[in-house]
Amino acid sequence: MPELITLDECEELTVKQVHDLYRSYVNRSQVSLMTSFGFGRELVERAEGARIYTRDGREILDFTGGVGVLNHGHNHPRILAARKRFQELRRMEVHKTYFSPYVAALSHNLAQLLPGDLNMSFFPNSGAEAVEGAVKVAYKYHGGRRNSILRSDISFHGKLLGSGSLTGGAQNHFQFPGIPGVGTFTYDDLESVRAAVREARTADGECDVYALLIEPFSASTMRACSAEFLRGLREICSAENIVLIFDEIYTGWGKTGSLFYFMRYPDLVPDIVTTSKSFGGGKSSISAYIVSEPIFRKAYDNLTDAMMHSTSTTYYGFGEETATAIEAVNIVVEDDYPRRARDIERVLAPGLQKIAKEHPDVVTDVAGAGALHGIFLDGGPKVLDLVARMAPGGFRNDPRFRAKLVTCAVINELHREHGIYTYYTLNGRNPLVVAPPLVAETEDLEYFLDSLDQTLAKGLPRLLTTFVREKVSALWR
């Protein structure tokens, strides 16, 4: 008999045992990387709201927001109750050929909340799958007669072969095969879009672009499209019959102060919207792409093609995931999560600006919206250049190594000395992300701001010396 680990035994594993299992069966380098911070040296006992509680008794304030997943916080009581009810009633989980009341109700709710004719919804498992489903709709809408798709130079849309080829910026340092015909334009630059569309014309002058994919707010770089740019995109796409896709996977469900970022601009309606992350209430692995009715009907509304999109995937019609999303969306509406995000912004935005003024040698910029902000850290002593030269091969060639090292040192200090969990993005200028769940209280925000101020007041030499000595040197060894 194979020696299998039971659930009870799993919950008793020590940190060392978990590390050893990761090294043997998951990824050895991941252990080396993550233990360079305190996060990888602790195991979590439980989590609730904006807090994580570790096995060794630490209370950690989670300002990562689950990288977009935890608008509702950890283990929201209504989300837990919805899942418990589903299980206790022994509802059927997966079967594609029985119609699901949960899929029907969730699709209805999305149509009620989104503007215009965004009425047709499909539910894959992940954001990357939602992006690929949206691209398939656009390609099918044009009957395969167009061959080009446009995305911005700072885009992040996932890491599958298809969505990865639509991701721009520093995320892609290794080239995998992907979708053919991908063109790039400059983020928030309409003339660049016009030039990309012109370049993609066929020999007889017809437009060859079937879709344009954009994040109205780029969560990995903290940049936002202007209203003029987004409306200009809508005009270009309407004139050229290009399917306009808004990726709101991170920014949906109130995170930036409106239900979706694009909805702050009246009468601006894309052809497709993708969403995931907090759509599942912090518990469900579920995403959606919501399609304008005319585009859907032309692409898939016939007996031959009706099973060509998500309805033909294994987990379409899954019960507990869609039931959870129904409750998650209702919480967002009833508790007015967009207003909560705006309230958070009223504390965070001026607090971060004040810190930037008080520490101009370290903080180069702050940016964001609602409960999603970035702090851009750089500068510091000349020793940083020396450290960069000492770095091993992969790091030595990274032009952003200096900023990343500073940001890592600050993240490490916040976690070690103040019990605050943060992260930095791998795209753009690698900002330290401040993204509390929308259930965070004012005192949580003030504690974070005070802790960040105290951390930066220690000075970069001290922070870097501690981090390099205790973390990076061990990683390099």
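Reply: This is a predicted model.

Me: What does the radius of gyration say about the protein chain?

Reply: The chain holds 17 helices and 17 strands. Its radius of gyration is 23 Å, close to the 23 Å given by the globule rule for 477 residues, so the chain is as compact as a globular protein of that length. Along the principal axes, the C-alpha atoms fill a box of roughly 65 × 55 × 50 Å.

Me: How many of the residues count as buried, and what area is exposed?

Reply: A residue is called buried when its relative accessible area is under 20%. By that criterion, 53% of the 477 residues are buried. The chain exposes about 22,200 Å², of which carbon and sulfur atoms supply 52%.

Me: How is the length of helix α11 read?

Reply: The span between end C-alpha atoms is set against the value expected at 1.5 Å a residue. Helix α11, residues 319–334, has 16 residues and reaches 23 Å, close to the expected 22 Å.

Me: Is α11 mostly covered or mostly open, and what covers its buried residues?

Reply: Helix α11 is mostly covered, with twelve of its 16 residues buried. Among them are Gly-319, Glu-320, Ile-326, Val-329 and Val-332. The cover includes α4 (77–88), α5 (101–113) and α12 (337–358).

Me: Which residue with a positive phi follows α11?

Reply: That residue is Asp-336, whose phi is near 50°.

Methods
Residues are numbered from 1 along each chain as its sequence is written. This is a predicted model: local features need pLDDT of at least 70, side-chain atom pairs count only at pLDDT 80 or more; totals for chains, interfaces and linings use all residues. Side-chain values use heavy atoms; hydrogens and water are left out. Helices (H or I, at least four residues) and strands (E, at least two) are DSSP runs, numbered from the N terminus. The expected span of a helix is 1.5 Å times one less than its number of residues. Buried means under 20% relative accessible area, exposed over 50%, partly exposed in between (1.4 Å probe, protein chains only). Contact means heavy atoms within 4.5 Å. The radius of gyration is taken over C-alpha atoms; the globule rule is 2.2 Å times the number of residues to the power 0.38. Accessible areas come from the Shrake-Rupley method with a 1.4 Å probe; for residues, only the protein chains shown count as cover.
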